[in-house]
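The model comes first, then the details.

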Amino acid sequence: MAEQENQEIGHKELAHKTLLQSDALYQYILETSVFPREHECMKELRQMSEKHPWGLMATPPDEGQLINMLVKLINAKKTMEIGVYTGYSLLSTALALPHDGKENNKGAFDFVFVDADKDNYLNYHKRVIELVRVGGLIGYDNTLWSGAVARPPDAPMLDYVKQFRSYVIEVNKYLAHDSRIEICQIPVGDGITLCRRII
Ligand code: CA
């Protein structure tokens with residue numbers, strides 16, 4: 001009985017800590033805090049991406065806003081994006097850069113955003129951790145994988161979700177135990193895991 005009560009309390013606490021309880025709440029965030037501040041060229045790109053048949057793959061605008069602020073907070077000058085769809089998040093990064101910021105693949109990077117083939121995330125991590133400076137930030141996109149990471153492997157899910165689910169689970173475990181970084185997994189968009197290199 002006591003155990004059952006504990007479980008119920010646990011669920012309640014979880015529910016209180018999980019903000020996005022409805023689509024309406026997400027729409028509220030977009031309309032209140034994201035769209036009014038969205039740069040005109042990002043708005044155009046977003047509307048183009050929405051019409052594209054693979055529009056689901058574009059970075060959501062609230063996630064773009066988060067990336068934009070992170071880039072400014074760490075005063076990032078050298079950034080790289082691995083895996084570019086229509087470039088919404090790339091543009092989001094570029095708009096947050098000071099004018100002396102550069103986009104290239106050499107040297108020590110302040111910020112790297114990885115949004116590419118999920119079965120290669122571990123390989124990217126092994127490279128990227130060397131490219132980013134100590135104190136720099138890596139963002140891995142889609143680390144909640146439509147919620148499939150918390151579903152049983154035989155649960156009904158789309159083919160591509162099922163196909164890459166185990167890779168995302170594997171990289172999440174790896175990042176959680178990598179002593180070279182501090183991490184924070186944020187449930188924005190499809191989940192983004194921020195890794196700050198510490199050694
Ligand atoms: Ca993505």
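D115 lies in the loop between β3 (109-114) and α6 (121-131), and D141 lies in strand β4 (residues 132-141), so the pair ties together parts that are 26 residues apart in sequence. Helices (H or I, at least four residues) and strands (E, at least two) are DSSP runs, numbered from the N terminus.

This is a predicted model: local features need pLDDT of at least 70, side-chain atom pairs count only at pLDDT 80 or more, and totals for chains, interfaces and linings use all residues. Residues are numbered from 1 along each chain as its sequence is written, and side-chain values use heavy atoms, with hydrogens and water left out.

A search of the whole structure finds four aromatic pairs. Rings of Phe, Tyr and Trp (its six-membered ring) pair if their centres lie within 6.5 Å; planes under 30 degrees apart count as stacked, over 60 as edge-to-face and the rest as tilted. The ring centres of W145 and Y160 are 5.7 Å apart and the planes are at 85°, so this pair is edge-to-face. W145 lies in the loop between β4 and α7 (159-177), and Y160 in helix α7, so the pair ties together parts that are 15 residues apart in sequence. For F164 and Y167, the centres are 6.3 Å apart and the planes at 45°, so that pair is tilted. Both F164 and Y167 lie in helix α7, three residues apart, about one turn of the helix. W145, Y160, F164 and Y167 form one aromatic cluster.

The table covers accessibility. Buried means under 20% relative accessible area, exposed over 50%, and partly exposed in between (1.4 Å probe, protein chains only).

| Residue | Relative accessible area | Class |
|---|---|---|
| D115 | 14% | buried |
| D141 | 3% | buried |
| W145 | 5% | buried |
| Y160 | 43% | partly exposed |
| F164 | 18% | buried |
| Y167 | 34% | partly exposed |

The charged end of K78 sits over the ring of F109, 5.6 Å from the ring centre. A charge sits over a ring if NZ of Lys or CZ of Arg is within 6 Å of the ring centre and within 35 degrees of the ring normal.
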